[in-house]
Amino acid sequence: QPRPTTTSGPGALALQQELEALLQSWHPNATLHLRSTDPSTAISVFTAHCARQDCVPAAWASLAGHPRVLELEPEARFRVQNKFTRGLVQSGVTFLEPFSAAGLRGEGEFVAASDTGLDHDHCMYHDPNRPTPISKTDLQHRKIVRYDHNFFDHSAGNSMDGKKGHGTHVVATLAGDSLKDELVEYNGHVSKAKIVFYDLSSSASTHDEVSMPGALDSTIFPRAFDVGARVSSNSWGGTRARYNNYARDVDNFMWRQPNFLILFAVGNEADVACEGKPQDPMCDAYTVLAPSTA
């Protein structure tokens, strides 16, 4: 039977009560909640809940037969993600990790990263026997061998990651090594590598901003290089697709130290920064924004 495409008849509240009564005729514990109403079309969206799985087919059948129901779809369920990156990166298949299986977990290596901060007490980084080395190097720390902070803000470098945990998250994906057995499946790609970290947080920056300590080729990169890191991972970037001073810093340091690989996120912006009007010659549908333009 064709379904009507208009919503003439009782209002949203009355319709909710009518449909909920219909559901409860099949199962007394079923509920229906009003999720939204579009004022331009008067179409309402409801979320139905049935505590028992066996009432779902009957509930769907009863709702589908109602003349004012236009469409039914299962409610989406959301959960945190980022669990399967090791397999996807190594082979393209979840849980298939040929590099890890071959023992390539970063033992004896140092990886550099800069971001909003690290929660030192997080199980991916914490060393119960040694304090985090702030502004100094300790190669005996099980995970963080050096932690520098933005010298524009000497209050940084504490045990928290105040910018919504961004640094704690991305660096754990890179090299996290959990102290808790039940969380080792979330370990990073090179879980046995040690971390040289530069905290870019600042009291002056907003929730998703990081502050630069000056020229990158004289601050972040040489600090990491001197400790022994040869890869630098940086999950941040600017908002313009242009070659700027920071991109020049990246090229300059890699020219001077060709065995030091510097990686940047390509961004989350797509062509949002262009506002649909690509006045900048480099502003297009790609997300490569400075200093990724190096």
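Leaving aside its neighbours within four places in sequence, with which residues is N187 in contact? The model is a predicted one, in which local features need pLDDT of at least 70 and side-chain atom pairs count only at pLDDT 80 or more, while totals for chains, interfaces and linings use all residues. Residues are numbered from 1 along each chain as its sequence is written, and side-chain values use heavy atoms, with hydrogens and water left out.

With those sequence neighbours set aside, N187 is in contact (heavy atoms within 4.5 Å) with R86, M124, A172, G176, D177 and S178. N187 itself is found in the loop between α5 (166-175) and β5 (194-199), where helices (H or I, at least four residues) and strands (E, at least two) are DSSP runs, numbered from the N terminus. Its relative accessible area is 11%, so N187 is buried, on a scale where buried means under 20%, exposed over 50% and partly exposed in between (1.4 Å probe, protein chains only). The side chains of N187 and D177 are joined by a polar contact of 3.5 Å, and the side chain of N187 also reaches the backbone nitrogen of S178 at 2.9 Å. A polar contact is a pair of N or O atoms within 3.5 Å; within protein, one must be able to donate a hydrogen and the other to accept it, and residues adjacent in sequence count only if both atoms are side-chain atoms.

We turn next to the sheet. Five strands form an open sheet in the order β4-β5-β3-β6-β7, with parallel pairing, two strands being paired if DSSP finds at least two bridges between them. The edge strands, each pairing on one side only, are β4 (144-149) and β7. Strand β6 (residues 231-234) is joined to β7 by four bridges, and the bridge partner of V231 in β7 is L261. The helix α5 packs on this sheet, touching β3, β5 and β6, and its direction makes about 160 degrees with that of β3; axes are lines fitted to C-alpha atoms, for helices over the stretch in contact, and angles run from 0 to 180 degrees between N-to-C directions.
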